[in-house]
Amino acid sequence: MATLGFLVAFPLLVAVALMVFRTDSARDPIVIGSAAVIGAASVVCAVQFMNAPTSFAVPYDFSFAGNILSAAIDLFLCGLVLAFALRYRNFAMLVLAIVQFIASIWCASMAIAPEDIMAEPLYIDNLSIIMILIVGLVGSAICIYALGYMKDFQHHEEAEAEKRGEHAPDRRHQFIALMFLFLSGMFIIVISDNMDWLVAGWEITTVCSFLMIGYTRTPEARKSAILQINLNMVGGLAFHIALILIHLVHIPLSIGGLIEVAQSGEAEYLIIPILLLSIAGLTKAAQMPFHRWLLGAMVAPTPTSALLHSSTMVKAGVFLLMKLAPAYLVFPAASVMVVMVGGVTFVLCSFMAITQSNAKRVLAYSTIANLGLISACAGVGIAEAAWAGIFLIIFHTVSKSILFLCVGTVEHRIGSRNIEDMDGLFSRLPRLTRFMMLGILGMVVAPFGMLISKWATLVSFAETGNVVFLILLAFGSAATFFYWAKWLGKLAGVAQKAENVEAGVHKTEWFAIGFIAVLMLGCCVGLPVISLGVVSPYLERVFGSNPQFLGVDNMLIMAVIVAFIAIVFLTPWGRASKKRRVEVYLGGTCTDPDSRRFHGAMGRTMTSVKRNWYMTDIFPEKTVTAVGIIVCGAVILMAFAASFIFNPDVLTGGAFYIERIPRLVGPELPGLLLGIVVFAVVAPVLGCLLDGLDRKVSAHMQGRVGPRLLQPYYDVRKLLAKEQASVNAVDEAYITCAIIFCILAGGMFISGSNLLMCVFLVTLATLFVIIAAYSARSPFADTGADRECLQVMSYEPMLLIMTVGFFAATQSFDVASLLGLDAPIIIQLVPIFLGLLFILTIKLRKSPFDYSYSHHAHQELVKGITTEMEGRTLAKVEIMHWCETVLFLMWTGMFFIWDNPISIVVALVAVAVVWFLEVFIDNNSARTKWQFGLKSAWLVALVVGVVNLFYMLVTPFI
Amino acid sequence: MGYSSKSPWLIHYDGSSCNGCDIEVLDSLTPLYDLERFGIINTGNPKHADIFLVTGAVNHQNMNVVKHIYDQMMEPKVVVACGICACTGGVFRDAYNVIGGVDKAIPVDVYAPGCAVRPETIIDAVLKAVEILDEKAAKLAGNKR
């Protein structure tokens, strides 16, 4: 109890102290010291209450005083907003503020009624502890970061003001004090069980962020701040009305109590309040149609963005939804509303992130999208989804805060937050860029937490038979890959003669970024521990079930991969510094490879410029936003309408879902290792023979004799013996990673382990090939890599749909489960199998979809993604291609396996037919445009996914 | 025991010529002659190529281009001058802008004369080049040890 009090009160004291001591020399030690104290206190609190959920009984007078104080804070803040509304002469803000003021007064008058004083207004459990750790560790690290950042910021402001002949006042003390006030508000939210108290913290965060967004006092900042407060007041208003309604029916205002009431006979009183509370949560979590405040908030100094959008403000929204999660099992209208809003937001914001070149806007859209995913997880209301949601919260916080902090520092170093200007950052800001790349990997790829959590999301939605959401998830994830991969590519480019401009980065900034990076790696490596030790007990208690998604062995393998990736990025391992350096290929002659200048026609020196892909014509931001706002707005209105139309029995009838607990039938660690070894030995041999056969058969189709069967083997042997040279020191290391991941994926598959992880690992391998190509900064390789990203985006939805189909047919993600089936899964999954055949052509880089690379003669991209790879590196790419071919063909083969030895023969025949078909298509079609590839692949995935998953997941309910 | 000779990938560059030899080179890459039988692939990328087929003479404009492509090829590598212009400058040798054969720019390993050079000559020259490639590869491997 004392610890909790300290956590709330201490940041307040610090804020006051910061307002008093305004010099840099006093501020730095105060902030660093108190951030350390807050961090330590949150750890102490976590240790104290871990796995010991506690309600704190307080004396009546204290509780009463708390209620009065919260009501006072609430009213004061409403008054403050009203004053600002008058000052800014904003009509909407004024109206909202007046309405909210009235609601607050009403609410306050009931909050201080003696019968509503709670005996135990504070409550802490593992979820609160996770939030306390996030706020206490990440939040205070961001405060430390702000010290160095704001020095640069102020310096910049003064320089700008001087140009205009003005003076820029130093208001940094207010800014940093607000940050501490904010932390205090967050602590109130996460530890209050009494919702009258919670709403005070809620309003503190709203108003603080309003002030922080408006910090620069420019017209743009003011506009964004007003937008923020207006939208959040809608949420605040919903919160207040919910409280008033609950007060009116005399249900105690305890969040924990609400859940109990929801599961009792009085549930019908809570139909509307739960809807309203959900709206409050969705607003704070910046979900459509309220998402625009988060985009506007990007004008604020970066610590604001980092604090608001990674660790605190938006997390308060999803925290509330997460707390309400068990209630969504009771109230279908609220559940559908939250899931649909979250799902639609996820997919549309992922699309829009593709079209952005401003790094902070990409981060903003990605934040909104991920919060959508978390909200949707909460909305499902079952334990599996909650598991996913909690891990999404953790990993999103650490990855995103690293990214925000890095982008902020980079902006001060290079004077731009445009992703295009981050070209060659790998050499200009080497350490910072590596942290950034780590952050991006944390957001997008297996085995980092984000993807594991997405996986759990997939399972939970398969359980509830929510086909629409599964499809949204599949497409949103594909888009996510695309925008992260292209950014990663920009960062990865290695410039030979770049100037290192990292010297001016403040120590405080390094500390914050490094600290959060360590936290992130810790969370990834410690995932099994967190899952078993912290999250499972929470789920056990709240939901009464303890989901097991994947075996501990799988988690161990992931931890090893994380460590491996960290080594590749953060240490000099694999840097071939002895190799001869060669220039990039620029067709004619290259005059200056670093700036990509070459001798063009007529003796002119030309520069080759390459920009990222934004696809603004496919995903126009305005239209997509409009669609999102209309759809999500309609969903919310329909949820309310439903609450009035249907009778309470239906509305409290609970969600219907079929318990589909994934069976874990995969092998133990020794089996896995054996599988990996076998695959590593057999797949290259088989793949090599297949490749030779492919060339032979192709030659015959073209009326030629063709090469020897072992030709691919000779090619690779030759490449291995060639001189070692490269355009940079890193590309071979990336390719080595790719081949290792590919072999791991294959090993997992043949040992009968997790199919989804196999799919993710293949994607990871492809990502590393893409990074290797981007690292050359060659126009041909870059374009090839862009197209490879596009290909991944095209086929990824189908792969996810395939795995869900597999799960629905076998009740397991483990490939070994096939051996226990009465009939092969092809019987149920014909459409998905056909869809897989379609994308197989893309995955094998066969015509008509050989955009990124072609084994045929000249194409416009020279050799596309492999243009800058030579000798041993190219040999490794070839070997990886063999392994991939074998693995993909096995994917098609698995559709024909059942509990019968004959099935192996059937599968082999099927694989042979599929393979021949692919070769035939390759030889009889011309390359199409990428637009066709993307659209057709998505259309196929959509049709096949909807038809087959509907059949698989929804028929059990009928 | 040479793998280079089993998998000679080539890049083709046409200097200042009448394009006759150029056409002949492309002809010899058609399915009729089926060069893939010998593992030959026309890569179009110097970084992947082992054999550099040059047709036409070298002039002041393309001198650096030829050198640049040659520099970007990895050892072991072999240059084949296809056609009389590539060998000596041919009928263009006295033109004001022409410097001469390819050997003025880079070391040439095999000369394949002819105006225009016949596909049979090209194939002969490439097979000769492949032998040299193996020798060079063996030397490179020896140096490594």
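Helix α4 of chain A (residues 91-111) has 21 residues and spans 30 Å between its first and last C-alpha, close to the 30 Å expected at 1.5 Å a residue, the expected span being 1.5 Å times one less than the number of residues. This is a predicted model, in which local features need pLDDT of at least 70, side-chain atom pairs count only at pLDDT 80 or more, and totals for chains, interfaces and linings use all residues. Residues are numbered from 1 along each chain as its sequence is written, and chains are lettered from A and ligands numbered from 1 in the order in which they are written.

The buried residues of α4(A) include A:Met93, A:Leu96, A:Gln100 and A:Cys107 (buried: 20 or more other C-beta atoms within 10 Å of the residue's own; exposed: 12 or fewer; partly exposed in between; C-beta atoms placed from the backbone). Seen down the helix axis, the buried residues of α4(A) fall within an arc of 145 degrees, so they line one face of the helix; the arc is that of the directions from the helix axis to the C-beta atoms. A:Phe91 and A:Ser109 are exposed on the other side. The cover over the buried residues of α4(A) includes α3 (60-88), α7 (195-213) and α8 (219-248) of chain A.

Helix α23 of chain A (residues 552-570) has 19 residues and reaches 27 Å from first to last C-alpha. Among its buried residues are A:Asp553, A:Met558 and A:Ile565.

Chain A holds 34 helices and seven strands (DSSP runs, H or I of at least four residues and E of at least two, numbered from the N terminus). Of its 958 residues, 61% count as buried.

Terms used
Contact = placed C-beta atoms within 7 Å.
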